[in-house]
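Hello,

Here is the structure I said I would pass on. Please open it first, then read the notes below it.

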Amino acid sequence: MSETVTASESKDRSQQTQKRMIADHFEQLSRAKENGKKVVYTFVPGNVTELLGALDLLPVLPEINALQSGMRKKSAGYIAEAEKAGHSEDVCTYVKCDVGMLKSGNIGPTGTKLPPPDLLLLSYTGCFTFMKWFEILKQEYNCPVVMLHVPYQTEGHITPEMRDYVTAQLERDVIPALEKVAGKKLDRDALAHRMQLSAQAEEDLVAVWESARHRPAPIDGYFGGVYYVGPIFSSFRGSEDAVRYYRELREEVEQRVREGRGPMTPDGEMKEEKYRLVVEGPPNWTSFNDFWRMFSREGATVVSSTYTRVGGLYDRGFRHDYRRPLDSLADYCLGCYTNLGLPTRLDLLERYIRDYQADGFLINSVKSCNSFSVGQLLMLRKLEERTGVPGGFIESDLVDPRYFGKANIENRIQSFLQMLEARKRGGSSQPLPARTEGKRVLPVIKEGVMP
Amino acid sequence: MTDPALAPLERAQAIIEDRKLSTVARWKEAHPGGLAIGHMPIYAPRPLLEAIGCLPVGVFGGGDAIDIIRGDSYFQSYICHIPRSTVELALSGDLDVLDGVLFPSICDVIRNLGGMWRMLFPDTYATYVDLPQNFEADIGGKFYVLEMTRIARELQARGAKALDPAALREAIVRENERRAAIADLDALRRKEPWRVKASEAYTIVRVGAVLETAEHTRVVREFLAAAKERAARPIDNVRVVLVGSFCEQPPFELIRALEKSGCDIVDDDFQLGMRMIDGPIEIADGEDPLVALSRAYLEKGQDTASRYIGDLVKGAALLRRVKECQAEGVIFAAASFCDPALLDQPMVEAAMTKAGVPHTSFKFAENMGQFSVIREQAGAFSDAVKLWGAAS
């Protein structure tokens, strides 16, 4: 292959690599039982994929299945199925989507049946619902569960007590449970090798994320970002495939920077970057492209996002370290975004707004996720106070289409972007009007409109 | 004849309804330098706080007694009610008497509320209490001991006494006396529910949230003695266990509405924190009382939705309670948008169905004012159980 590949060819290459990786993984899953492969279900935040890989165990991530079901327009039916079975309309729609998918035959994103778990690895990091989710699945599958309780980082730093607690569980509970399922002992060298591979991929992912500091940003760090984090957040961290993918992706992105090109969008390449945004909160998956277009068609690029950090805060310096494997795995689990106290999350958002020179920030508050959502209205106020950058607030859901009001959300986003435009014209030094207390102020966007 | 239990009940009710926490203020006046430390549901290690000279103060939101004006502006519509009324109380100055608040690990809402507290009230001590979900003594138990040590150390830096094992030992003894009194109250309620109604037991237990342990024990014992003297007659109600209300508390009137609908609530989880440790906290010879407190949580912590089930069977603990109480049915009463209760409920309901235990369910909010629908539902449930022995 020529060394002077074009950006689009390079992009195709990384996309194709990811597509092949996913297809291979689900192919392996579909044939797991006949091939004698053991399957472990686990979660994205705080997953210990390197351990699973070192023991030749195949991971399944129910959150990823749920979001894929949302994107494939399957989630409404699955959620209805779960609610019919008695699950409350008030609770997380990822859980209900997963339960509904299970009750509908457990057909995965690629159209093949997912194998039942041999073990549920409950990586309990940053989300209370995870615990209930796997209690529910335990009843459905009647299989063993191993809990990895990851303490919450209230103060914004990891204490030795927290780390020791996690490593003790890894050593005493998690690794033996995985070894029992795998039918063999953990090869510590294989684990170390995988952690080295993780660190390589993480290095390249950070370069991809930080490329958005350029103007124009060559990537969208939220809508595009969720594709970029897919492999490292899910089944592929610690694999040669992931290293290859992130190297290709980084090359592609760096080429876009050299060529001064904007990010790809559902409608092709963005030609003019008008607004640079930071987004807090997960995206809506049922209308993902519609949601993306609400930004991209207005020339708004999301230069950084917190959702893409739920699987690890690599841009704050963390790398898997093969020299201290269990401590490093513990630090990884402890450091995921939703495992951080609200003040730390606020600091991080402030940093993104400044580092990426954002014109505004937007909070997508999803009904399903209290871990993300509780406190976001206060974060909105505090961030505006600290940065002087205006914030917008919209509400939707992860995979329940009943909570995606397209017209309402689009109106709010347009109002928000119009306000940013007015600020640009009027000079951004004007202070933001104070947000009032005493009433619910969700549609806050109009408050910031400059005359 | 005057009801001899009326006076302690009215005193307790008045203390509970006092949003300004004047009982706590008086305690602080009587204990110069003493810290009043609030804690959200479900469970906080109250003996630890008492041992370091603090008054633990259970915070259960504003109930139906306050208008939410500012609190709502901090929470989306799909968040439960207790954080908004708690913030309302704090912003209104009603919690000014507190020197700090603990936010135990129960759910993401209470956890994040702790983070909000730190931002809203930066001068007030606020911390998360990460209760272990690993129940091995040298892993989860060790972590919990360190967690309690951290809290004691941080409070000492704010004026509390240093943690002294002897003081903790004494606090645990007092806690055990309280637990014994509550257990006696529960036993009487189960044996003669017409003598102690659920709403009354709730009042008498809940008032302990703002009292020193020894004082609360006296209140429970006083009420218990008075209740035994009551001229009460058996009523042919249906015996039920109510679960799901362990955090946000239902309005008093809701509990009374259930009682009027023909249900004797012979067990519930309204004030689960006070009963979280099932039985006395035992301190082995030569054992560090902090380790004993941790061990009690690991080994005797009640099965509830926010506690990992491990290898236990979902619903088995509730079935045991139903059997022990000779209950004829279960009422699932979860607060709206309560993740722990509502995620748990289908699993436990399935266990009840499998065991042939009649059950019904509804949701509530602490500030709801209309109970007729729930009363009718509970009435239909009790009639069905009474007539046919099954309802669901």
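Two strands count as paired if DSSP finds at least two bridges between them. Strands of a sheet pair through backbone hydrogen bonds, either parallel or antiparallel. Keep in mind that this is a predicted model.

The sheet in chain B

In chain B, four strands make up an open sheet, and their order is 2-1-3-4 with parallel pairing. Strand 2 (54-58) and strand 4 of chain B are the edge strands, each pairing on one side only. On average, neighbouring strands of this sheet are turned by 25 degrees against each other, direction ignored.

For one pair in detail, look at strand 1 (residues 35-39) of chain B, which pairs with strand 2 of chain B in the parallel sense over five bridges. Opposite B:G38 you will find B:V57, in strand 2 of chain B.

Helix 5 of chain B lies across strand 3 (100-104) and strand 4 of chain B. Its direction is at about 160 degrees to strand 4 of chain B.

How many residues of chain B are in contact with chain A? There are 43, and they meet 45 residues of chain A. The elements that give two or more residues to this side of chain B are helix 5 (108-120), strand 4 (125-129), helix 6 (137-156) and helix 14 (339-355). Helix 5 of chain B gives the most, with eleven residues. By class, the side of chain B that touches chain A has 23 nonpolar, ten polar and ten charged residues.

Regards

Notes: Residues numbered from 1 in each chain as written. Chains lettered and ligands numbered in written order. Predicted model: local features only at pLDDT ≥ 70, side-chain atom pairs only at ≥ 80, totals over all residues. Contact = placed C-beta atoms within 7 Å. Nonpolar A, V, L, I, M, F, W, Y, C, P; charged D, E, K, R; others polar. Axes fitted to C-alpha atoms, helices over the stretch in contact; angles between N-to-C directions.
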